[in-house]
Amino acid sequence: MSSVNESIVREFFESLGYLTSQPRKYMIPGRQKEAGEEVDIIVFNPSVPEHMVPEHMVWTVKDLKNIARAVVAIRGWHTERFYASTLEQTPEILRFTEAGSLRAAEKLLGSSSMAKVLCLPKLAASGELKSKTIKILRERGVDGVISFQTMLQALLTHVDTNKNYEKSDLLQIIRILKNYDFIKDNQLDLFTKKRHKKTTAKKTPDTL
């Protein structure tokens, strides 16, 4: 599953014009990762004129327009949300923001100016729990969070059914599913709107 998650993240950044590097190509069983092994993907966009990190934490595609360089960590537990308690139980999740990991990335990027990005499934749904999680992430050095839903939506729009993506299994599968109408460009947005409508309380007219 980790290779699938990494493919989604890599294709997402590449679809936006980023050059990507996967520093570690091997598994690490039986020992703790070294500093340089904590980063899953390093990205660089040469077309971004000025590197600027947004003040807010939850990023969309638009927020990446000013991100020239970033170190990316991928946590793809697709059946669970990401809570503050997740960090308390597994603090090593954020080791990619530590000085040793950033120094290793700096050697490849040639600059110490880089964003620290965490790709994850979903944050907590509750406003209070979500705010607490974001606060801890910020305190631990994370600059931005990108959800897999955001990345998959972008890839769904990016893939053209008239093109043969034989060099990318992921994009080719999306193309085939789109071609046979199993998924459509606006399908994920449609599901999001439906969920929003269900949770919206009906307003009753004022009594005359």
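Both Glu38 and Arg95 are buried in this predicted model, where buried means under 20% relative accessible area, exposed means over 50% and partly exposed lies in between, using a 1.4 Å probe and protein chains only. Their side chains meet in a salt bridge, at 2.7 Å from N to O, the term standing for a side-chain nitrogen of Lys or Arg within 4 Å of a carboxyl oxygen of Asp or Glu. This pair links distant parts of the chain, 57 residues apart, with Glu38 in the loop between β1 (19-21) and β2 (41-44) and Arg95 in the loop between α2 (84-89) and α3 (99-109). The helices (H or I, at least four residues) and strands (E, at least two) are DSSP runs, numbered from the N terminus.

Let me stay with Arg95 for a moment. Its relative accessible area is 16%, and its side chain also meets that of Glu98 in a salt bridge of 3.8 Å, N to O, while Glu98 itself is partly exposed at 38%.

In total, the structure holds 5 salt bridges.

A word on the conventions: residues are numbered from 1 along each chain as its sequence is written, and side-chain values use heavy atoms, with hydrogens and water left out. As this is a predicted model, local features need pLDDT of at least 70 and side-chain atom pairs count only at pLDDT 80 or more, whereas totals for chains, interfaces and linings use all residues.
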